[in-house]
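Biologist: Can you put the model up and walk me through the packing?
Modeller: Here it is.

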Amino acid sequence: MSSHAATGLIDHHHDHTTSTGIPNKKLLWWAFLASDCMFFGALISSHLVYRLNPPPGNAIPTQIFNIELTSFSTFILLMSSLLMALAVSAIQRGNVKSTRLMLLGTMFFGCIFLGGQVFEFTHFVEVKHMTLSNSIFGSTFFTLTGTHGTHVAIGVLLLGMMYVRTFKPAAGGGLFTNFAHLLAVCVVMGVSFIYLVPGLIEVIYGASLGDLLRHHALPFAVGAAACAALVWFARGSTVVEFGEQNAVDVESIGLYWHFVDIVWIIIFTAVYLLEYL
């Protein structure tokens, strides 16, 4: 401690380290992500192998894909990585309020990405008639992108749990407060996913915003009010237990979120963009 004080360095981890000098929590996440690399590598390579040798009657990707929607979803996911990095930076400085806001933004962007994926899958099945079982391309595509979507959903859940954890009072207890914030997060993300996100995607595809508001005015109003309330709660000034000593926890979730984003960039390039070259 004296050496840290003398040099002016701040230990952002407050965690036991291994012989490598890496905190145990981060080392565990790195090990998990290494195994996930092999898992996604197998899925991506399987898709590419079957794509290079398509059987007769296989779907033509360029007639099915909507590259505009996928590009928008990719941009949203990349922006969520920026917010995640800002959340890590904020907690390393001990700024809990900013950390909460960045976590909320990351979760909301993650929900937008998931909404885009649900919209895309529904369009493929109902309009393009491509399902998981009627073609090799459909099988490998839905398995690969669906698995990635599941990872994004898990990431949103982890971020929500971390957000709720930031409200634990320093004096102990706080079960009701944490439960109330957990319920608020679930309600807001549920409303966003069911109403706000699909509406946003429809607007992007040329639907009239006025028509959407006329038909879904109440859900939109509830979703907007809930989001505003969640942001307001995030600015609470109560002394909490969560702080700089928990930076390693936020960093660990950040590693997972950045990994999911990197995997999507590879999927977007290999599965979508290569079809247009």
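**Core and aromatic pairs**

Modeller: The largest nonpolar core has 51 residues, and Met84, Met130 and Phe141 have the most contacts inside it. Such a core is a set of buried Ala, Val, Leu, Ile, Met, Phe, Trp, Tyr and Cys residues joined through side-chain atoms within 4.5 Å. Buried means under 20% relative accessible area, exposed over 50%, partly exposed in between (1.4 Å probe, protein chains only).

Biologist: Which helix supplies the largest share of this core?
Modeller: H9, with 15 residues. Helices here are DSSP runs (H or I, at least four residues), numbered from the N terminus.

Biologist: What are the ground rules?
Modeller: This is a predicted model: local features need pLDDT of at least 70, side-chain atom pairs count only at pLDDT 80 or more, and totals for chains, interfaces and linings use all residues. Residues are numbered from 1 along each chain as its sequence is written, and side-chain values use heavy atoms, leaving out hydrogens and water.

Biologist: Now rings. How many aromatic pairs are there?
Modeller: The structure holds 18. Rings of Phe, Tyr and Trp (its six-membered ring) pair if their centres lie within 6.5 Å; planes under 30 degrees apart count as stacked, over 60 as edge-to-face and the rest as tilted.

Biologist: Why is the pair of phenylalanine 121 and phenylalanine 141 edge-to-face?
Modeller: Because their planes are at 65°, with the ring centres 6.1 Å apart. Phenylalanine 121 lies in H4 and phenylalanine 141 in H5, so the pair ties together parts 20 residues apart in sequence.

Biologist: Buried or exposed, phenylalanine 142?
Modeller: Buried, at 12% relative accessibility.

Definitions and conventions:
Helix = DSSP H or I, 4+ residues; strand = E, 2+ residues; numbered from the N terminus.
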